[in-house]
Each structure stands twice: as C-alpha cells, then as structure tokens.
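Colleague: I would like to learn how to read a model of a complex, one feature at a time. Could we go through it slowly?

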Amino acid sequence: MEELEKIEGRRGTGVVVRGADIDTDQIIPARYMTSIRFAGLEEHVFHDSRFTPDGVAKDHPFNDDRFAAASILVVGRNFGCGSSREHAPQALTRWGIRAIVGESFAEIFFGNCISLGVPAVTADPADVEALMDAVELDPSQEIEIDLLSMTVRSRAGQARVALPEAARRALLEGTWDAMRVLLMARDEIQATADRLPYVRGF
Amino acid sequence: MAQSIGKSLLDKVWDAHSVRELPSGQTQLFIGLHLVHEVTSPQGFQMLRAAGLPVLFPDRTFATVDHIVPTASRARPLADALAEEMFQALEQNTAENKIEMFHIGSGRQGIVHVIGPELGLTQPGSTIACGDSHTSTHGAFGAIAFGIGTTQVRDVLATQCLAMQRPRVRRIEVRGQLGAGVYAKDVTLHVIRTLGVKGGIGYAYEYAGSVIEGFSMEERMTLCNMAIEGGARVGYVNPDATTYEYLRGRPYAPQGAAFDRAIEWWGSMASDPGASYDDVVALEGTTIAPTVTWGIHPGHAIGVDECIPRLSELSDEDRGTAERAFAYMDLKPGAPIAGTPIDVAFVGSCTNSRISDLRVAASIVAGRQVKSGVRALVVPGSEAVQKQAEAEGLPEVFRAAGFDWREPGCSMCLAMNPDKLRGRELCASSSNRNFPGRQGSPTGRTLLMSPAMVAAAAIRGHVIDVRELL
C-alpha cells in the first residue's frame, strides 16, 4: 500500500455556504445516490439549493464562477447533520473541496471527512463570520489552514482553529486512513473476540 | 475513603470491546455485529478488493436490501437499472465473501433496523455498526450501536474494528407517565426539541426513568432511532426483563440453557445504580403532548396544541434556520399547527413501521375513511411485520379506509425508490427527517409525527390532535 499523505494544512481559495444545520440531504440528495460508485456525485453537490426543480441554476456559491477553483469551504453551525452518507464529503471532495472551516460539525460527517483526509476545523462564530465576509469580498485571496499552529489565515487576519487531538494527530502523522492501523493488531482483535461471551458462544 | 463509582453500560461495553488504545488516543473498538445494506456498502467492498483484503469476520456480518426496494412490486429485475445494479452488487459481494444475506421473499428481509432486532441479532452488551445513521435504533437493547460512513464500512469488513473516541454519557430520565395518545415518537421528538439538534454531539444518550422502563421494546427502538437527530450518535436503554422476554426464542438469540447464561451476562452489562454520568437531564412525561414538526429539522417540533413559533420567540441562534424553514415550508409563524392541510400520509420507516405502530394506526383508521384527495400509504418494516399484520387482518382495515398497503422497505422516508413526494406536497410522516427534499421532491414538505397522528391526519385531511379520535 502506498504511503498516506501527512497533512499539515491546506491552502487555497475559499467558498462560503452560509446557514446553520445544513444537512447531508442538502449536500447530496438521496436520489443521486443510486449508484455503486462515488464518481459523478460532484455534479449534484448542493443540487436542490443550486437548481430549481426545472433545472435552472439559482444564485448559489457553487454556481458562481468566482468560486469555481475553491478548495476551502467555510460553513456555519452543525454542518453535515443527518445521515451517515459518506456521499456528502465525497461529493464535496470530488467537486474540489480539500478542507472545511466551520462553527461546528455533526459527528458522523466529521469522522467521514477525516477518514478522507479532509481537515474539518472549527473556529469561533465571530472568526467564521469574518472569514466568510472576507472570502465573499475577495474570492481570489488565498486562505491557509495550518494544523501545526492551529490557525487559519486570510485577509481577515489570523484566527485560532480547533480540531480534536486524535484527528489532528492522524492527519499530521498520515494515519487518517484507519484501516492499516487497525489491521496491525490482528492478534489482539482475535483475542478480544475470544473474550466476548456472545462471540465465543454463551 | 474514596467512594466507589459505578460504571455506565457505555463504559462497560466500551471496555469489553476495546482491542487497544491507538496512538491517536482513540480506541480500537471491536464490532460484534456489522449490518450491511445496498446503499453504503458497494464502494466499501470495492475498496476492500482494491486493498486485496478478505472480510475478517464474515459470520459477524449480515446483509439485507431495504433502501432501494420498490414497495409496489419487488419483481426482478428492478425497473430502475441503477437500483438493480446496487441490488446485484450486494448479492455478489455477500456471496463472494460468504456473508449471510436476507433476500426478498426469505421471510427475513426488511429495513435493517427492523430485522436486526426481530431476528435476535441485536443483543445487549454488544457493539453494532452499520452504514446508516439510524443504527442507534439497536441501542434499545442495551447495545452500543452507531452509524458509520463507507470508508468505515470497509474498516469493519477488513478488521471488525473501528477507531473511535469514547463518547461522554448523558442520562435522560423521562419520569412520571405518558397521557393517552402520546407515544414513544412524541417522547423522542420532545427530547430533541428540548436539547436541540446538536445538543447530543459528543454524547451517548442513556434513556431511563419510569416512562422508558415501561416502554415495550418497539417503543424503545423508536426512541433510540432518533438519538442521532438530536446529534447523539449513540442512544441506549439498559437491558431488563422486557429486553430478555423480547429476545427469547428469536432465531439468532441464544437458545435453551445458553439463553439463561446470556441473561446473566446481559444483566451484568447494565449501568450500575451508582454510575457516574457527564450530564443528567430530567423530563416530565405528563407534560409531553402529541408532537409535530413545523420546520426543516426534527428540533423544529411543537405540541399539536401549540402554535408555530414566531421569529421573535426564538433565540438568535435558532433564527437563521427558522427563517429558512418558514420560507421553505410556507407555514405561518404564530399559526396553530393543527389544521395544516396535508396531501400525503406515510406510515413506515425504521422509526415507526413495526407491528405495534401498525396496530395503533389501524385502530385509528378502522371504520373511517381517508379524506378525499389525500394519498395514504402504509409500509411494513419487514416481511415478518407484514406477515404478522396479515395474520391480524390489518391490511384489510387499512385498505377499507383508503390506504395503500405496501411491501416492506424504507419507502418514502428517503425516496431512494419510487415512493416520493411530488412537487410541493405536504406529508404527514411517521419517519425521522423533515429536511428539505428528504422525501424525494426538491420542494416537498414533511411533518414528522407518530403513526397515530399520521393516521388521524389522513382521516381529517389536516393535522389534528389524535386524542380527538381515541
């Protein structure tokens, strides 16, 4: 297996999706998940906010050419609530998103992001708001998320970001794809199974 | 002298399943039961194949098909070629990896969170994972059960483990008793309304108190099913005699003397009386009314006798989402929710499609007629529920009232099958999510409520307090 990338941060231009409680059905409606592949999901990311039922493009940052090359998504509170579908971060990453800054994230969505090597960091609401304003004012500016200093830098200035330590270490050390780490404990896995009465047989 | 502090079920299950502590500080947690369905597994199996790895514990892995199954006719090949491809991928992946699959027509197929318990696969003190957020349902048995993404489905297939952070535990005590016409669905919506849709992030919810202890297993499943809607990935109820009696004789439960030994272990995994919790919340059962949502997430819930809140009554934090909700739902702030006209009535989903749900709904509609112009359907959660309902004559009751009686599946909960809202239709739904577009129309609207309330709304053609029809 190839070495995993050690992720010390992300740098790129931003795109802003405002609003609290943006659920995974908003990020990728279930009707676009009828497939055995993730490929192509990017076409439908935020579909129902981007298009009318007749397919006419609406005013949405993901339809705006100024943000077409963005790789850092800035969001509000409880982003990614709802279903466990990894299709949500898959649709975002396939569209081009490499990192997310938000007020807070739903737990399963957050875990899915980390397992794809997408830092999903939180910041204070005022800092998120300032970053949103800055990106909307000047979409061409570079934003830098630094996981060593735990900061985000933009023309709005520098702000503290947070990430649970386990996720931070996994990204920094290149162990964010858990499978190979889990597999190292083959004997301990079997020993745990043998110890559990319902696995062993009552 | 230090006081000995008891352990919660979460702590006991966590410790018993801990393979090791990972360098990151997370736990490598052994997963006792992995449930697999067609939507979130094909890419997981593909990643496993690409890594050249086998399924490590195929006998701890079970599969069924539920999300994409049409509920009008389940004849193969499915009319939707992409859905058929997903179905075939699951058949091939389970056959290649020697995983037991509960096929359509086997008598055991159904929504994964309905069949796990009814087959006796779901057991106290175990860990359960499934690529579906409503896996929290299985916590009703005192299991620690959570939804996972597809990369994690691959992790469990390859290692029977997950890298997990131990959650904090919030005990939610629902005291007193419930009034007539108030059900587990109302309790779970009330909890979310009270603690918020993100209040449970980082927590496991332990539900307790006289109301919960008095609940049947099916009621406990409805309660735990929606833990995730309050942000809690895990919700559970401590196992007790009700749990054991439910499991006795189920196909995958221990049998005979082994069952008695199992009860002893299951009981030992329940929270100790002196267990310490990170937080305790007490709610009064008698104050809970039949509850209905008015907005675009399950925390937008009010008693059926209340009015939709005005923006001025909401906290700053809640206003933004509420404004989007008013725009999307086209309901009037300050207006009573009762009287809201409905177009569709849906009884089904992993929240409320079990036999007790269907019995209650049938008792409301018996001898009455669905309001003209309302499209009403009942979708049993599994083939076993379907068979039991047929033995009790429920399909005849529903059909006589004007309901469609369908084949088992996820149906109109998430619209990955032909059951979808059309246009701006407004649906009284016993499901779990009222997100915009959730039921298949980008502009469709959902009001979450109990099966009894759905049945009542179907009869009157608008939201009403089911207590008027009892």
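Colleague: How is chain A divided into domains?

Modeller: For chain A the assignment gives domain 1 (9–163) and domain 2 (174–202). Their C-alpha centres lie 34 Å apart.

Colleague: Where do I start with confidence? What is the average pLDDT of chain B?

Modeller: The general idea is a caution: where pLDDT is low, predicted coordinates should not be read in detail. In chain B the average pLDDT is 97, and 99% of the residues score at least 70. For the complex, the predictor gives an ipTM of 0.96 and a pTM of 0.97.

Colleague: How does the radius of gyration of chain B agree with that of a compact globule?

Modeller: A compact globule of 470 residues would have a radius of gyration near 23 Å, and chain B has 21 Å, which agrees. The C-alpha trace of chain B spans about 65 × 55 × 45 Å along its principal axes. Chain B contains 15 helices and 19 strands. Of its 470 residues, 61% are buried. Among contacts in chain B with a separation of 6 or more, 76% are between residues 24 or more positions apart.

Colleague: What should I look for in a nonpolar core, and which residues touch the most other members of the largest one?

Modeller: In soluble globular proteins, nonpolar side chains tend to be buried together. The largest nonpolar core here has 211 residues, and those touching the most other members are A:Val101, B:Ala361, B:Val365, B:Val454 and B:Ala458. Helix 15 (residues 451–460) of chain B gives the most to this core, with eight residues. Leaving out residues up to four places away in sequence, the residues that B:Ala458 touches include B:Ala345, B:Val365 and B:Ala428.

Colleague: How many residues of chain B are in contact with chain A?

Modeller: There are 68 residues of chain B in contact with 54 residues of chain A. Helix 5 (residues 150–159) of chain B gives the most to the chain B side, with seven residues. That side has 28 nonpolar, 28 polar and 12 charged residues.

Colleague: Now the backbone. Where is a cis peptide bond?

Modeller: A cis peptide bond joins B:Arg76 and B:Pro77, with omega about -10°. B:Pro77 sits in the loop between strand 4 (61–64) and helix 3 (81–96) of chain B.

Colleague: And what is phi of B:Ser349?

Modeller: Phi of B:Ser349 is near 90°, a positive value in a residue other than glycine. B:Ser349 is in the loop between strand 15 (344–347) and helix 12 (355–365) of chain B.

Colleague: Why is B:Ser349 called buried?

Modeller: B:Ser349 is buried because 29 other C-beta atoms lie within 10 Å, and the cut-off is 20 or more.

Key: Residues are numbered from 1 along each chain as its sequence is written. Chains are lettered from A and ligands numbered from 1 in the order in which they are written. This is a predicted model: local features need pLDDT of at least 70, side-chain atom pairs count only at pLDDT 80 or more; totals for chains, interfaces and linings use all residues. A nonpolar core is a set of buried Ala, Val, Leu, Ile, Met, Phe, Trp, Tyr and Cys residues joined through C-beta atoms within 7 Å. A residue is buried if 20 or more other C-beta atoms lie within 10 Å of its own, exposed if 12 or fewer, and partly exposed in between; C-beta atoms are placed from the backbone. Helices (H or I, at least four residues) and strands (E, at least two) are DSSP runs, numbered from the N terminus. Two residues are in contact if their C-beta atoms, placed from the backbone, lie within 7 Å. The radius of gyration is taken over C-alpha atoms; the globule rule is 2.2 Å times the number of residues to the power 0.38. pLDDT is the predictor's confidence in each residue, from 0 to 100. Domain bounds come from an automatic or database domain assignment. Ala, Val, Leu, Ile, Met, Phe, Trp, Tyr, Cys and Pro count as nonpolar, Asp, Glu, Lys and Arg as charged, and the others, Gly among them, as polar.
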